[in-house]
Amino acid sequence: MPPLTTEASALLRPTLPETSVVPTAEDDSIRPHRAVQPAGFADGTPAQAFLCAALFSTPADVAAVLRFVDDLDFEKPGQRLIVEAIRALSLACEPTDAVCVGDWLTRNGRLTQDAKHELTCAITAGANPDALRHYATAVVADSFRESYASLGEALLESAGVMPEHDLLPQLVEGGTRLRNHSRRLDALRGHINN
């Protein structure tokens, strides 16, 4: 009877293919894939992509971008609450991940059902933290167009009912607000503000 052995015969042992070069992180042609993969809850909006990227970015990167992003650039109240939390955490140089954001919202009595839902959507949205500034630009650009359309509608409606002496101030105030909005957008795009 042959002796018992725990070693597989050479014919049964799996072999790995030989490689000549193993890529390293220092190789510029090979970059680690940092994107968070989508998990099915989010609707793929720039706002959700921005929030997702912010949850996986450093506080310094988030604070640098949030200088040009207003909470009102986000249409949904739950998203505004998350941005409020992310802003507060990043300015304190604290992590802006989902656990810390949820904790901040809870501690400050701001964790609404809508905020919980939006936080879940943000976690599962699928985004690349390296594209945080690009997502912020898309959010601010969408908000700019919405503000522009809203001002146009307000001016059109006011033209027939407001006293003449109030029309120009309304236009100037709206135009100033849009100019400031445009400057934030230019800053995110790296353009010099005029």
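Some ground rules come before the tour. Residues are numbered from 1 along each chain as its sequence is written. Local features need pLDDT of at least 70 and side-chain atom pairs count only at pLDDT 80 or more, while totals for chains, interfaces and linings use all residues; side-chain values use heavy atoms, leaving out hydrogens and water.

Let us begin with the whole protein. It has seven helices and zero strands, where helices (H or I, at least four residues) and strands (E, at least two) are DSSP runs, numbered from the N terminus. Of its 194 residues, 31% are buried, meaning under 20% relative accessible area, with exposed being over 50% and partly exposed in between (1.4 Å probe, protein chains only). Taking contacts (heavy atoms within 4.5 Å) with a separation of 6 or more, 71% join residues 24 or more positions apart.

How confident is the predictor? pLDDT, its confidence in each residue from 0 to 100, has a mean of 83, and 76% of the residues reach 70 or more. Over residues 10-32, however, pLDDT stays under 50. Where pLDDT is low, the predicted coordinates should not be read in detail.

Now for the aromatic rings. Rings of Phe, Tyr and Trp (its six-membered ring) pair if their centres lie within 6.5 Å; planes under 30 degrees apart count as stacked, over 60 as edge-to-face and the rest as tilted. By this rule there are two aromatic pairs. Phe50 and Phe74 have ring centres 5.8 Å apart and planes at 45°, so they form a tilted pair. This pair links distant parts of the chain, with Phe50 in helix 1 (residues 46-55) and Phe74, 24 residues apart from it, in the loop between helix 2 (59-66) and helix 3 (77-91). Phe50 is buried at 1% relative accessibility, and Phe74 is buried at 1% too.

The pair of Phe144 and Tyr148 is also tilted, at 6.3 Å centre to centre and 40° between the planes. These two sit four residues apart in helix 6 (residues 132-159), so about one helical turn separates them. Tyr148 is exposed, at 55% relative accessibility.

Methods:
pLDDT = per-residue confidence, 0-100.
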